[in-house]
Number of protein chains: 4
Amino acid sequence: MASRENPAISLRKEPQQTRSRHLVDAVLEAAVRILNDEGSHAFTMARVAEKAGVSVGSLYQYFPNKQAVLFRLQTEEWQQTGTLIETALSDRSKRPDERLRVMIRLFFRSECEEAPFRRALDEALPLYRHTPEGEAQHRRSKKIMTDFIAEALPHASPVTRAFAADFVKTTITALGVRVSERPRKDIDAFAAATAEMLNGWLKRQG
Amino acid sequence: MASRENPAISLRKEPQQTRSRHLVDAVLEAAVRILNDEGSHAFTMARVAEKAGVSVGSLYQYFPNKQAVLFRLQTEEWQQTGTLIETALSDRSKRPDERLRVMIRLFFRSECEEAPFRRALDEALPLYRHTPEGEAQHRRSKKIMTDFIAEALPHASPVTRAFAADFVKTTITALGVRVSERPRKDIDAFAAATAEMLNGWLKRQG
Amino acid sequence: MASRENPAISLRKEPQQTRSRHLVDAVLEAAVRILNDEGSHAFTMARVAEKAGVSVGSLYQYFPNKQAVLFRLQTEEWQQTGTLIETALSDRSKRPDERLRVMIRLFFRSECEEAPFRRALDEALPLYRHTPEGEAQHRRSKKIMTDFIAEALPHASPVTRAFAADFVKTTITALGVRVSERPRKDIDAFAAATAEMLNGWLKRQG
Amino acid sequence: MASRENPAISLRKEPQQTRSRHLVDAVLEAAVRILNDEGSHAFTMARVAEKAGVSVGSLYQYFPNKQAVLFRLQTEEWQQTGTLIETALSDRSKRPDERLRVMIRLFFRSECEEAPFRRALDEALPLYRHTPEGEAQHRRSKKIMTDFIAEALPHASPVTRAFAADFVKTTITALGVRVSERPRKDIDAFAAATAEMLNGWLKRQG
DNA sequence: TATGAATGAGAGTTCATTCAT
DNA sequence: CATGAATGAACTCTCATTCAT
């Protein structure tokens, strides 16, 4: 739906046919593998095409430029992570502090898996920060957190809640990136500590 | 002194003479200004040389390659920030929680000033993460934090202390980066919240 | 009929069926519109096919290559202009100088309308200057002019006549191109001046 | 002097040193030879660099882009031709009609020598038609012709003179291009005819 | 030692043309 | 016959690095 508004970054054509979808998938998979295995400096269109087993021309048939490939990777990751967070935080069968704990653990683990290409993605991020898709994702995650805070701090003022939502999200995101660059074994301990720390802080805001 | 172990990144020659030091300073200053004013994509050796008022040849006389310039920038910044943190955290005239509060505020502000070239530096970071200078800096900041935690958590076990030091440092660092990418006006509020959050968490570890 | 001699440029198959003719027409029309509206750099086979509402494959079924499309455009234009000139110059109800005047005015106006794709056509012109169709057109226009000169200079020697025909044609053609690149409002004045100049010169040759 | 106003087309650096001038000369000479011998489609930066015996990088050190090379060629040619015309037309020791005759002969011959790369130059012309250098050249040639017409038509009104200058210049230029694409042997005859034709026309304007 | 001209590998991107479906 | 996805050679331009002067 955004192809009109942002042709410079969205897909060139929607791959509805099977073959096309395979190509796009192959490209994205190749892109991930290159980012993981060879680093962001090896992420060239020629290398992506080669690794995906397609020609450069085909690559450009579906992605208008290099940023678009990274953009697609980012978008897919945003959607996955967004869903993950939403599911964890809106599970009304648990108390808010427990939900936050679960969410943080899942999020940190998810971040770990994406760590290798995080950097490359971040380099390209300024380019699509202000795209419709980027804005949509931003609004979505903001709403999820705002709703959660409303439940966690039912008696707090709107200003307090707004700040808390912002702060909690920022803290989790920031630590997620950091934790993903560390040894895997530390992750769950860090997740637990982060949850404990944030839950403690939240309690004092309430 | 590290030139043997890592000739690819350390200075080609120690500039002991006045002229050489001037040159190195001019280069670093130019590098900072380019990163700040023109962005990392403008950070080319030719541009740095030009802005520093030296020839490309001279640039290469003191920096073996482009990464080395970024490396020097990083190192200098590490030292400044390290000193800042050390000063704030070891001020025995204040209670630990107050020291942490001050240190976080100073650190966040410092991070803000360096935000523009943070990204460029980070891109080059993997290249010198495991250099002697990098390790030295790492040990230094670790010790500062460990000493601080020893004072903040006098009764905790060594394992708890070690984890706390790691966690507190990671949290502050991670949030520092994030905060530096946000509007300036939020900074002190975030610093206060971060300090409050960490102090609360530390209290519960004690 | 020319497909043997110059298979690289003539039509791949004579489109005798209605459908085929429609396709060829659609392609040529699209080509003209692209050249006019988007400029010669937008004249790609993909764009032509798209604008013509046919597939690239179909395009290549009737035109062996890109030059062939331009060739057809040129040919069609030659025929139109040739007819125009012939009609104007062979109108025995008027004196030769009046015929020339009329012909030049019509020709300049016609050139103006084709100005936009003149350049693109000219780029491809060397490729088909020596094709049968090109030669045929050349002979045709030569004959028209020769006949006209025979009437305008009834007492001149064959050599004089031949040179005059060549010179008059060259002058008109050359000025036509130039005039078509100028503001429209100048055209008729230039046409009048050109006619006056050539009629004066012709009179002196007689 | 135009390097500030139009950095996209003028020389990147003024080649004051001997070596640099040699390089620029070698490039321009290579460019001419390619245009002459291999046609405009062979005019690629790589080919130019190769033929000039320099690297692509060096080429781009002196010419910011491909157009700039063509621009330089055009400029040099403009200057030569401009001087030629000026000299011929302002020679007060001859009558105007004789001067025009001489000038046209010289101009046609000169055009012949440049014919091969005329096309390539013309293709790039739109790109620098409105550059300072282009405008300057245009003003210069306009003035030369205006001055000449003032002498040739001393009693004519300013409007008549202005039109005459425009028309004469257009006719000569247009025919020059056309003539340069024809067999060499025709040139002088065409020059004589053109001069005769224009002198006749001018006499009638006076 | 200082200079900056020269290098050239390599990047992103386009587009005429083919051919499996 | 029609399609349009796939191809890949070719193009312009950049920039880290070297080396003759």
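## Buried area and extent

Chain D and chain C bury about 2,400 Å² between them, with 64% of that area on carbon and sulfur atoms. The model is predicted. In it, 26 residues of chain D are in contact with 26 residues of chain C.

## Salt bridges and polar contacts

Four salt bridges are counted between chain D and chain C. One of them joins the side chains of Asp166(C) and Arg182(D), with an N to O distance of 2.5 Å.

Polar contacts across the interface of chain D and chain C amount to eight residue pairs, both residues of each pair being at pLDDT 80 or more.

## Elements and composition on the chain D side

Three helices of chain D each supply at least two residues of the side that touches chain C: α5 (96-128), α7 (158-180) and α8 (187-205). The most comes from α8(D), which gives eleven residues to that side.

By residue class, the side of chain D that touches chain C divides into twelve nonpolar, eight charged and six polar residues.

Key. Residues are numbered from 1 along each chain as its sequence is written. Chains are lettered from A and ligands numbered from 1 in the order in which they are written. This is a predicted model: local features need pLDDT of at least 70, side-chain atom pairs count only at pLDDT 80 or more; totals for chains, interfaces and linings use all residues. Side-chain values use heavy atoms; hydrogens and water are left out. Contact means heavy atoms within 4.5 Å. Buried area is the accessible area (1.4 Å probe) that two parts lose on being put together, summed over both. A polar contact is a pair of N or O atoms within 3.5 Å; within protein, one must be able to donate a hydrogen and the other to accept it, and residues adjacent in sequence count only if both atoms are side-chain atoms. Helices (H or I, at least four residues) and strands (E, at least two) are DSSP runs, numbered from the N terminus. Ala, Val, Leu, Ile, Met, Phe, Trp, Tyr, Cys and Pro count as nonpolar, Asp, Glu, Lys and Arg as charged, and the others, Gly among them, as polar.
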